[in-house]
Amino acid sequence: MKHKWLKSALLTMIAGTTLAACSNGDSAENTAEEAEVSIVTSFYPMYEFTSQVAGDRADVTLMVSGNADPHSYEPSAQDVAAINEADMFVYSSPEMEYWAEDLFNSIENEDLKIVSAAEDVNESVGAESHAHAEGDHEHGEEEAEHNHDEEEEAAGSDEVVVAGLAGHYHTGDAVTLVAETGAEVSEWQWSTRSDESAEWTVAEGQTTEQFEATAEDEEFQVQAVGIDADGNEVVSTEVIDVSVDNHENEDPHSWLDPVLVQEQVDAIRDALIEIDPEGEEVYTENAAAFKEELQQLDQEFVEALEGAENREFVVQHQAFGHIARRYNLEQIAIGGLSTEVEPSPSRIAEIGDLVEEHDVPVIYYQQGADSSIAQTVATETGTETAVLHDLESLSEELQSKDLGYIDAMKENIEALKLSIN
C-alpha cells in the first residue's frame, strides 16, 4: 500500500480540484492523516459514489470540477501528476470520458488501480429516446471551389470569432454558429464539406452571420467568408470541425439511474477491497448503506411516476434516456437549444410545432446552463421552463445548500412531475 496522500493533496490544492462538503465521505474530519488510500475521480458522480463507499479511509479528489465538460475535458499536467501519485483512479466509462484512453497512455504509475465503474452497466437507449432537430435545413447544391487557407491568410481569420460550437453533437442535433467580427461585413457566405479531401459547397440561404444546420451521422467542416458592400472578401473564419458522436448508440449517463448506480457502487467497493483489504468491513458497510439510499430513491421515482397518462418529457440535451427507460417514460430531446446563440424566428416556429404536437407543458434545461434561450422558447410557445439535473457537475446552488446526489435526484422527481401527469 502506498501512502502518497500528502503529494496528492498538495497537487489537488494547486489544481483547485477538491470539491468540499459534497458527500458524507469528504467531511472536515477526513484529514490527510486519517486517509489510508489516495483516489482520483474523474467527474462529480464518480467522486460522490467513491466518497460514499471509501469514507474516511481515503483521500478522494475530483479532477473535472466547476463547469468543465467531462465529455471533452483535457487533463492537465497536474492531473497526470496527481494520478501518478494515487492508488486508484475512478471514471465512468470510455463512452463518457473518451479522453481517458489518452490519459492512461501518459500515466507511469504501474500500481494504479483503474476502475471504469459504469463500463459494464451502460446500456443503449435506442428507440426509447428520440432526438428531434430544431430544424430541417436544406443545404444548397451549388458548389464553389475555395482555397480556404489562402483566404484565411489574406482576410485575417484571427479577426473573426465563431460562437456556439459545442464539443460534439448527436445525430439530429441543431448546429448553430455565429460569426463575430469588428470588420464591416455586408453579407456572409457559409460553405461546408465532409472532410479535407472533399470540395466545398456553398450553403444556400445562409447569408447572415448565423449558420444553421442539422447534425447528420458524420462529422463535417464549416467555414464562413465575410463580404463587404463592394463584393470583396474582407474576413474569413478558420475551418471549423463539427464533431458528431453518438456514443455508439449508448447513453453514457447511467449515473442518473439509481438502479444502475448500485452496480457502480459494487464495482468501486470491490476495487477498494482489492487495494486495501484491511478496510473491507468499512467499505462493505458504507456501500450497503448508500445502496439502501439508492433503493429508496428508486422507490420514490416509481411511486411518483407510476399511473401517469402523459409519459413524455422534453429536454434540451439527450441525457435522460436511462431515467426514461427505467420508469417507462419517453424522452424527447430538442437538439441545440444553444446556451450561446439566440434561436432564429424559424427555429422558434419549428419548436412551437413540436410543443403543439406533444402538448408540452415544460421545457427542461440542465442545471448550470444558461436558461435565457430556454426562456425565450418558452415565452414564444406558451410553455414553462424547469431544471433537470444531469449531474455532470454539481451546481453552485446545490453546493451552497450542502446538497448532493440523492438530493439532486429528488429534485428531478419533482421537476418531472410537472410534465408527467
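**Cavities, salt bridges and sheets**

Me: How many cavities of 30 Å³ or more does the structure hold?
Reply: This is a predicted model, in which local features need pLDDT of at least 70, side-chain atom pairs count only at pLDDT 80 or more, and totals for chains, interfaces and linings use all residues. Residues are numbered from 1 along each chain as its sequence is written, and side-chain values use heavy atoms, with hydrogens and water left out. A cavity is a set of points, on a 1 Å grid over the protein atoms alone, where a 1.4 Å probe fits but cannot get out. By that rule, the number of cavities of 30 Å³ or more is three.

Me: How much space lies in the second largest cavity?
Reply: Grid points are joined across faces, edges and corners, and the volume is the space filled by probe spheres set on the points. For the second largest cavity this comes to about 40 Å³.

Me: Which strand gives the largest share of the lining of the second largest cavity?
Reply: Lining residues have an atom within 4 Å of a point. Here they are N310, E312, F313, V314, H358, D359, V360, P361, V362 and S419. Strands (E, at least two residues) and helices (H or I, at least four) are DSSP runs, numbered from the N terminus. Three residues, the largest share, come from residues 312-315, which form strand 14.

Me: How do the residues of that lining divide into nonpolar, polar and charged?
Reply: Ala, Val, Leu, Ile, Met, Phe, Trp, Tyr, Cys and Pro count as nonpolar, Asp, Glu, Lys and Arg as charged, and the others, Gly among them, as polar. The lining of the second largest cavity therefore divides into five nonpolar, three polar and two charged residues.

Me: How many salt bridges does the structure hold?
Reply: Side chains of opposite charge can pair when their charged atoms come close. A salt bridge here is a side-chain nitrogen of Lys or Arg within 4 Å of a carboxyl oxygen of Asp or Glu. The number in the structure is nine.

Me: How far apart in sequence are the parts tied together by D257 and R326?
Reply: The side chains of D257 and R326 meet in a salt bridge, 2.8 Å from N to O. D257 sits in the loop between strand 13 (240-242) and helix 6 (258-275) and R326 in helix 8 (residues 321-326), so the parts tied together are separated in sequence by 69 residues.

Me: Is D257 buried or exposed?
Reply: Buried means under 20% relative accessible area, exposed over 50%, and partly exposed in between, with a 1.4 Å probe and protein chains only. R326 has 36% relative accessibility and counts as partly exposed. D257 has a relative accessible area of 1%, which means that D257 is buried.

Me: Which residues are joined with D266 into one salt-bridge network?
Reply: D266 and K291 form a salt bridge of 2.9 Å, N to O. D266 lies in helix 6 and K291 in helix 7 (residues 280-305), so the pair links parts 25 residues apart in sequence. K291 is buried, at 18% relative accessibility. Through salt bridges that share partners, D266 is joined into one network with R269, D270 and K291.

Me: Which helix holds K410, the partner of E300?
Reply: In the salt bridge between E300 and K410, the closest N and O atoms are 3.6 Å apart. E300 lies in helix 7, and the pair ties together parts that are 110 residues apart in sequence, so K410 belongs to another element, helix 12 (residues 405-416).

Me: Why is strand 8 largely enclosed by the rest of the structure, and how many of its residues are buried?
Reply: Seven bridges join strand 8 to strand 11 (residues 220-227), and the two run antiparallel. Strand 9 (residues 201-202) is also antiparallel to strand 8, over two bridges. Strand 8 (residues 187-193) counts as largely enclosed because, of its seven residues, the number buried is five.

Note on methods. Pairing = 2+ DSSP bridges. 1 Å grid on protein atoms, 1.4 Å probe; cavity = no way out; pocket = protein on both sides within 12 Å on 5 of 7 lines; lining within 4 Å.
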